[in-house]
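Colleague: I am new to reading protein models. Could you walk me through one?

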Amino acid sequence: MKITAAVVRERGGAFALAELDLCDPRADELLIEVKASGMCATDLHGRDGYYPEMPYPAVFGHEGAGVVRAVGSAVTEFKPGDHVVMAYPWCGTCPNCRSQRQTYCLQAGKLKHAGTRADGSTLVTLDGKPVYGSYFQQSSFGNYTIANERYAVKVRNDLPLEILGPLACGGQTGAGAVLNVMKPQAGDSFAVFGVGSVGLSALMAAKISGCDPIIAVDVHEHRLRLARDLGATHTINHTGRNDVVAELKKITGLGLRFSVETSAMAPIFREAVDALMPAGTCVLLGSAPPETEVTFNMKHIQNGRVVRGVIQGDSIPKQFIPQLVDYIAAGRFPVDRLITFYDLADINRAAAESASGQTIKPVLRMPH
Ligand SMILES: [Zn+2]
Ligand SMILES: [Zn+2]
């Protein structure tokens with residue numbers, strides 16, 4: 001069938017709308033009418049050629065939400081009309097997938113960034129030539145796509161789909177770091193470094209958990225204002241300051257029980273660890289360039305402190321995303337406050353306003 005999607009024709013090129021031909025779903029696949037898709041930094045990294053295995057021309061997008069329009073012959077979990085969010089892919093057979101660590105799937109790079117299904121086949125063509133989609137096995141920057149039933153998550157249909165896509169990556173990354181990894185108790189101190197969409201999702205989850213104080217650190221005053229609206233008890237504007245660790249110790253007395261690093265900057269990561277109390281935990285979510293290194297004080301870590309990285313919030317999407325949707329319905333995870341909507345045709349403006357920090361979470365509405 002004919003679809004409209006945003007195509008990047010060469011590494012580092014702009015997005016441009018094009019009419020493509022999409023194949024039919026296979027036995028274990030779903031045809032999804034995409035209603036809206038979040039845009040995440042990883043899409044811009046894909047556009048800009050950060051992934052050596054990614055071929056072009058390519059369609060990106062991995063925070064898609066839509067309606068099932070057709071199902072393959074072996075699909076039993078979904079039917080046409082179901083509302084779905086498309087989550088990250090995993091192989092299901094590697095040692096990490098087999099031990100419930102599927103967010104650390106050893107095949108993840110290939111499944112996310114090779115531009116094809118696991119077997120190397122492509123789903124879309126332009127003028128008869130292949131276009132590489134299957135970004136995170138979904139390529140949601142188009143009005144229709146094909147998703148594998150394994151990675152699609154059925155969600156309740158009484159909420160607007162256009163706000164649910166960001167749960168697929170940024171939402172569950174931030175919220176899962178708190179609810180699945182830290183599991184704080186009421187009254188635990190918490191700070192988040194960087195309050196973009198991932199940091200604010202972590203902050204909203206810290207509020208759900210009853211953390212107190214909840215401290216947001218950032219350089220953008222408009223983001224810190226929103227952080228206060230969403231539950232921060234304290235905010236620190238990092239601009240021009242070198243006493244942030246001392247300030248955090250002043251607020252908490254003992255240091256932080258939990259910290260979250262989303263900035264991807266080594267000096268900030270160090271602060272998020274230095275501000276921990278004994279036996280405190282810092283979770284790293286920020287994606288730094290591969291050569292980035294950081295140093296810590298050994299005695300400081302020895303005193304029970306934990307530093308660990310987390311991908312996709314350690315979440316099992318078919319369980320965790322419906323849980324987050326219930327929090328949205330209850331008014332406890334107001335993800336809509338993070339969103340600025342754009343038409344797919346304005347995708348380059350969405351990318352620029354996201355990169356500048358003006359927009360926290362761009363969501364693209366698909367043409368239909
Ligand atoms: Zn795997
Ligand atoms: Zn993402």
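This is a predicted model: local features need pLDDT of at least 70, side-chain atom pairs count only at pLDDT 80 or more; totals for chains, interfaces and linings use all residues.

Colleague: What is the span of helix H4, and what is expected?

Modeller: Helices are DSSP runs of H or I with at least four residues, strands are E runs of at least two, and both are numbered from the N terminus. The expected span is 1.5 Å times one less than the number of residues. H4 (residues 170-182) has 13 residues and covers 17 Å from first C-alpha to last, close to the expected 18 Å.

Colleague: Where does H4 bend?

Modeller: A bend is the angle between axes fitted to the seven residues ending at a residue and the seven starting there. In H4 the bend is about 45 degrees, at Gly176.

Colleague: Why is H4 described as largely enclosed?

Modeller: Buried means under 20% relative accessible area, exposed over 50%, and partly exposed in between, with a 1.4 Å probe and protein chains only. Because 11 of the 13 residues of H4 are buried, the rest of the structure largely encloses this helix. Gly176 and Met182 are among the buried ones.

Colleague: In what order do the strands of the open sheet run?

Modeller: Two strands pair if DSSP finds at least two bridges between them. Here 4 strands form the sheet in the order E1-E2-E6-E7, with antiparallel pairing. Its edge strands, E1 (2-8) and E7 (129-131), each pair on one side only. Inside the sheet, 2 bridges join E2 (residues 15-22) to E6 (residues 124-126), and Asp21 stands opposite Thr125 in E6.

How values were computed:
Residues are numbered from 1 along each chain as its sequence is written. Chains are lettered from A and ligands numbered from 1 in the order in which they are written. Side-chain values use heavy atoms; hydrogens and water are left out.
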